[in-house]
Structures are given as structure tokens and as C-alpha cells.
Amino acid sequence: ISWDWGGMAGTSYPNQDIYYALIMRLGYEIFHDLKYKAASEDMIISFKSKLLADGGVNYIGYENESPVYHALNIVILGRIYTLTKDPLILEIIKKTNNYWPLTMSAETVAEGWSDFWVKQNWYAIDASSLAIVAAVTQDPRNRWLLSQSLKHFPPKRKTLWLSYAEPYFSLLPTEETPLREQFVWYDQNINGIHGRKYNWYFGYTLSKGYQNTFIGGFIGDSLSANKMNGIIRGINIALKPNGNPNEQLFLAPPDKFSQSMMINELGGGMICVQYHPVTNHITGIKESRFETTTSPWLISQSWRTTQDSIIGYVALEAVADTSLQAASINVLLGPEPIYKINDNTWLSGQIKIQLPLLSDNFVSVKELASNPIYPTATSHWQGIEVLLNKTNFKKGDKFSIPILLSPVNNELPLKIESLNNSKSFLIKWENNRVSAVLFNDQPDSMDFRVSDLQKHKTNVWFSNRQSILTNATTNEGDIFTIPGNTCALVESYRN
């Protein structure tokens, strides 16, 4: 059975597959034909095979899950269990135990920045899915999130979903455990991290599918209408080739080079990626099979994501002579008005955005969709577009900018500057602190000189391993030798 425009039931489209399982089971209940019962059971087994390590389910193919579809999956599973009492359904629901505590804020808003790029709707999640998970797992975190959902988004009427969830409300545990006010957790569903410091939520993701952003965050606010007061949907690079006016190169493909590391001591982590951008692609869709691209552009991003801020460098390089209609780096924000503070600082809700070193490129505040292909509920939300001031490029032409994002009252650095290759950067803070993200995208080792480290305690974390290291001290600073194809984070403090 072919569902929708290319996803095949039972292969790569779980949220449609689980509907099929329910329909087949209802067919058996009505007609008592065993073939419908068997079809339902087979599809549930197929659905189980798509479960991720922390309880998510790929939206389609290898794409990150969409929270609203996770809710759908749980509600349909709950309905099937009510009909069948199949223990396999309980096993599947129990395995989703970690999903909502990882994805949801205390205000029961599911973040949308790590969502599959076609969706990213930033919806609040209603009580139905939470009630089913809390009842089946007896998990006090999900029970607390259910209470928060009922508090912040009380149901105004009885919906189909609530009717499916109704049997589970009588089975809820009594114990509740609130989300911790400060944490950084690794999330195997998104191959990244979720972090929190009070009302600031942030993280990064390295999807196995296509991505329009790697980082994101938001400010939770129980008093605002949508329970958020400042949203970072992500950072998106959009290249418009000559020819088709609707085409854009804006996605990182699955074969991107990527390195990352969660760092508990820092309350966050680092991420470095490099890729040739592609246009509208989705894994698991017949008309959109992944192919290695030969795009004439190379994009590099390196980020330091912590409980205080998200700071990174974005670099664009032409790897062949080429031309474009336009090229832009887009800071995707929320529905709040954007206020300009000075030539390189803006406010969106309680989010502060700094774009130093803009040179003579064109900057404008405008409506910016999360993607240029498929409209979403956030398509008319605001953003900041940095439009390059040229359209013809020679091989080797490079453009890079630092981007600094944080809650409005948090510290931002005194200075940020590029190191070595425009993919690495140095951050100088008040109180003599120094940070650096060192991204060696070459196969051989590379030396990086980091200034102002004398008499500092210095920690260096390498992607995939950790050490404390200072290689050599010179008059100009310390030299760090970074292995090939490796990302490293330097953090130093005055002794």
C-alpha cells in the first residue's frame, strides 16, 4: 500500500504505518477476518523496528522525529492497546519513556529546532500523549509534564485524541518529578544534546538525515501566550542558483563531515560540521533518494553551545568559479518583533543576537521561513538575513561571520576573532576568560595559536575524547596541535 507521495507503508513512514495498523485492527473488529488482524500485527512489529535509543521514532527515513507526530504515534498506539491488550504495544510505549523529558520544556512546549526540516512547527503538546506514556510507564517525569500541560494548555473540548487517551487517566501514577532546572543531557534520538539553565533551553543535533540547522534554543515563559519569549529556530545558509527562481541550496546532506562532544563540566558542548549544500531532499522518499552532491559550495559551521550562550562561526567557500542570484546567512527567530539595538545587536523577545564583523554585507530584518519549500506554522516568523554583497565568485572566495546568541541578561564576550582558517575562532570574556573552538578540517595535524593563555588553567576537549593539555607556550600565546579531521574546544581560567 503506498501512503502519500512516495513513502511506502511498513518501510520508512512510521506515523502513517501506525495509522494503517489501527485501520487494519478496526477492520478485524468489524469483519472478523484474520487477514486484517495479521496485517495490523505485522505493521506493529515493523513500527517497533523504527524505535530510536531514547524513545523517538524517525519521522520518515532517517530524518529526526517531529514532536507532534510522536504525540500522534503514542495516541494511536494507546488506542490499539485499548482494543487488543497486545503486550507488544506496552513494550513499545515503555521504550518511549525518555522522549518527552528530553524534548519538552517545563511549560510543555516541544522544541522545534531539532525537528525534521519540513515540519519545525513549535507546537505545544496536549495532554493525550503524555497521559498514555505516564500511565503505561508510571514514570514521574512524564506525570509531572502531564500536570504542566493541563495547567498551561487545559483542553477546551473533548477531541478524538482525548477520547483515545481517556482510559489511561485512571491509571496515572501519583508521584511527580519536575524537570531539573539546570541540565545537559545527551539525546540519542537527535544525536545531540538538550540543555537547560532555568528558562533557557538550547542544544545541537547531528541528524542522520538532511538538516537546515544544527543548533537552536528558546526562552520558556509561563506567562506568555505560547509559553515562549524568544526562539532560535536555527541558523540557515540559503544559496539561490541562477535559473530556477524557486530552487535554493539550504540543506546539509547525510554525508556531511561532523564532529561533536557533550561536555558536562561546561554545561553544554561543541559541534563542527562541513558539507556541500543541497536542495529539497528527504530520506525515505522514492523521488528524493540521497545522492552525493557536487555543489560548488562548501559550508563550515563550528559552535560552542552552553548554559550561557550559543556562539559560532559560519563560513561559506566557493570551490569552483560560480555565480548565484543571491547568498545569505539567516538567523531564524520567533514571532516576536525584532528590535535593533546598534549596528550589530538585536533583541527578539528575551533573546539577544550579535553579528559582529559584518563588513559591507546587507543586513535586514524580515519574515524568514524555516525552509523555502514547504510552508509551516512558522513561515511568517521573523529573522535576520545577512545578504552577501556579491553574486559572482572565483574559486577560493570565502565569506565568514561570527554569530552570538544568548538570553538577554547573560554575558556575551568582549571580543571574538577568527583563527587560522575562518572555521575556528577565539572568544575573549570578562574576568580574563578565554575560549576557542579549533576546527581542523584537513587530514593532517594543524597548529593553532591561542593568545592570552599564560598563567591560565586550560582544559582542552577533543571530539570523541577528552584531555587536559597545553602543548607549548610562546610569547604570542599557546600552540595547540589538533589532529586531522578533529574539532577541539579550549576553555581557560585565570589561576
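Let's start with a charge and a ring: Lys 227 lies over the face of Phe 153, 5.9 Å from the ring centre. For this, NZ of Lys or CZ of Arg has to be within 6 Å of the ring centre and within 35 degrees of the ring normal. You're looking at a predicted model, where local features need pLDDT of at least 70 and side-chain atom pairs count only at pLDDT 80 or more, while totals for chains, interfaces and linings use all residues. Residues are numbered from 1 along each chain as its sequence is written, and side-chain values use heavy atoms, with hydrogens and water left out.

**Rings and charges**

- Lys 85 also takes part in this kind of contact, lying over the face of Tyr 81 at 5.6 Å from the ring centre.
- The structure holds 16 aromatic pairs; rings of Phe, Tyr and Trp (its six-membered ring) pair if their centres lie within 6.5 Å, and planes under 30 degrees apart count as stacked, over 60 as edge-to-face and the rest as tilted.
- One of the pairs is Phe 31 with Tyr 36, which is tilted, with 6.3 Å centre to centre and 45 degrees between the planes.
- Tyr 59 and Tyr 69 make an edge-to-face pair, 4.9 Å centre to centre with 75 degrees between the planes.
- That pair links distant parts of the chain, 10 residues apart: Tyr 59 sits in the loop between α2 (34-48) and α3 (67-84), and Tyr 69 in helix α3.
- Helices (H or I, at least four residues) and strands (E, at least two) are DSSP runs, numbered from the N terminus.
- Tyr 59 and Tyr 69 also belong to one aromatic cluster with Tyr 13, Phe 116, Trp 117, Phe 250 and Tyr 374.

**Buried or out in the open**

- Buried means under 20% relative accessible area, exposed over 50%, and partly exposed in between (1.4 Å probe, protein chains only).
- Tyr 59 is buried because its relative accessible area is 7%.
- Tyr 36 counts as partly exposed, since its relative accessibility is 24%.
- Phe 31, in helix α1 (residues 14-31), is exposed because its relative accessible area is 58%.

**Strands around β2**

- 5 of the 6 residues of strand β2 (residues 192-197) are buried, so β2 is largely enclosed by the rest of the structure.
- Strand β1 (residues 182-187) runs antiparallel to β2, joined by 6 bridges; two strands pair if DSSP finds at least two bridges between them.
- On the other pairing, 6 bridges join β2 to strand β3 (residues 200-205), again antiparallel.
- Gly 195 in β2 is the bridge partner of Val 184, and Phe 202 in β3 is the bridge partner of Gly 195.

**Turns with positive phi**

- The β1 and β2 hairpin has 4 residues between the strands, and Asn 191 takes a positive phi near 50 degrees there.
- The β2 and β3 hairpin has 2 residues between its strands, with Tyr 198 in the turn at a positive phi of about 60 degrees.
- Tyr 198 is partly exposed because its relative accessible area is 44%.
- Asn 485, in the loop between β25 (478-482) and β26 (486-494), has a positive phi near 50 degrees although it isn't glycine.
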